[in-house]
Amino acid sequence: MPGKGKKQKTAHVGPDQTPSSRDMDAHEESTDDEEDTSNRAVLAAITALKGEMAKMKDDICANVDRRIERVYNDLRQEITMANNSVQASIASIEANSQKLHDKAADMERAATAHSDSISQLEQQVASLNSDVATLKRKNEELEGNSRRNNIRITGICEGLGMTKPRDFIATLLKDALALNEQPMIDRAHRTLRQRPSPSEPPRPFVIRIHHYHVLEEILRKAATIKNLQYQGKTIRIFPDYPPTVVKRRALFNRARQVLRNQPDVRYGLLYPARLLVTHNGSQLSFTDPQKAEEYAERLTGSARPQMVEAM
């Protein structure tokens, strides 16, 4: 320290010192005082600078704190708003999800109820289909029985037999088939449709024979005569089957056509629609036209089989 140095220098001054020595000491003391003053000024400046720096530091820290607080408040407000928006969205999504869940549950219950209803309806439809099939079969049987004594004759010119159709048909059958007597006929009329033009084929006659054995004789003789004629016109005599039976029997036409050219084959189409085939002592029965056709095509040969048409 400068003070300590001054005291040490003063301690060395004696009473026997010369004046020049005193001036030098005084000069040194003056220099020391100036250095002390300068040092104190520097220290004061440093202290003031430290105070200003401390104040600046405090100001900067205060500004930073204020800005941080402002940013924090802004971020907190934005986060709060975003959180509120997210919470509202989540609440809306949860509400919609709950609605969808409720709707899905309702749809599941409705689907289960509909499935049960459909199952019941399917059972009812299956039962009704079975009943309808049974009724159709019975109706076909009843219609077939009602037509059992009926025959159809095609090829008779329009205008013939208009006045007394029963007598006309009885005479035609007796003359064309060489019957011993005229058959007893209950009814005779043409099919109930519009009268055809001269260029169209005539309407068939529908005849009900009183006795069934007489009908069998008529059909048997009609089958043996290859070209049945009346007044120069070819006529044909058939059983009067229901339309549904006619369609089912027509499906066997292809198989019958093929069988006509097979050797040692006898076949007959039984009522309502069953093809009976006898070949080399083996007898087969077909209700499926496709299978009957496949079997007929497997048989090869050129001999014409004898046809037995069965009722």
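Glutamate 140 lies in helix α2, which spans residues 19-146; helices (H or I, at least four residues) and strands (E, at least two) are DSSP runs, numbered from the N terminus. The model is a predicted one, in which local features need pLDDT of at least 70 and side-chain atom pairs count only at pLDDT 80 or more, while totals for chains, interfaces and linings use all residues. Residues are numbered from 1 along each chain as its sequence is written, and side-chain values use heavy atoms, with hydrogens and water left out.

**Glutamate 140 and its surroundings**

With a relative accessible area of 16%, glutamate 140 is buried, where buried means under 20% relative accessible area, exposed over 50%, and partly exposed in between (1.4 Å probe, protein chains only). Leaving aside residues up to four places away in sequence, glutamate 140 touches Pro242, Thr244, Val245, Arg248, Tyr271 and Pro272, a contact being heavy atoms within 4.5 Å. With one of these neighbours, threonine 244, the side chain of glutamate 140 makes a side-chain polar contact of 3.0 Å. Such a polar contact is a pair of N or O atoms within 3.5 Å; within protein, one must be able to donate a hydrogen and the other to accept it, and residues adjacent in sequence count only if both atoms are side-chain atoms.

Which residue meets glutamate 140 in a salt bridge? The partner is arginine 248, at 2.7 Å from N to O, a salt bridge being a side-chain nitrogen of Lys or Arg within 4 Å of a carboxyl oxygen of Asp or Glu. This pair links distant parts of the chain, since glutamate 140 belongs to helix α2 and arginine 248 to helix α5 (residues 243-250), 108 residues apart. Arginine 248 is partly exposed, at a relative accessible area of 35%.

**Other charged pairs**

Side chains of opposite charge can pair when their charged atoms come close. A search of the whole structure finds 12 salt bridges, and the table lists some of them.

| Glutamate 140 | Arginine 248 | 2.7 Å |

Glutamate 158 is partly exposed at 21% relative accessible area, whereas arginine 203, at 12%, counts as buried. Aspartate 186 is partly exposed at 28% relative accessible area, and arginine 208 is partly exposed at 22%. Salt bridges that share partners also join Glu143, Arg147, Arg152 and Asp240 into one network.

**Nonpolar cores**

A nonpolar core is a set of buried Ala, Val, Leu, Ile, Met, Phe, Trp, Tyr and Cys residues joined through side-chain atoms within 4.5 Å. The largest such core has 25 residues, and those with the most contacts inside it are Ile151, Ile153, Ile169, Leu173 and Ile237. At least two residues of this core come from each of β1 (150-154), α3 (165-177), β2 (185-190), β3 (205-209) and α4 (212-224), and α3 gives the most, with 7 residues. Setting aside residues up to four places away in sequence, isoleucine 151 touches a list of residues that includes Leu173, Phe205, Ile207, Leu219 and Ile237. A second, separate core of 15 residues includes Val258, Ala273, Val277 and Phe286.

**Backbone and cysteines**

Most residues other than glycine have a negative phi, and most peptide bonds are trans. The peptide bond from tyrosine 271 to proline 272 is cis, with omega near 0 degrees, and proline 272 sits in the loop between β7 (265-270) and β8 (274-279). Alanine 178, in the loop between α3 and β2, has a positive phi near 55 degrees and counts as exposed at 56% relative accessibility. Asparagine 280, in the loop between β8 and β9 (282-286), has a positive phi of about 55 degrees and is exposed at 59%.

A search of the whole structure finds 0 disulfides, a disulfide being a pair of cysteine sulfur atoms within 2.5 Å. Cysteine 61 is partly exposed, at 34% relative accessible area, and cysteine 157 is partly exposed, at 30%.
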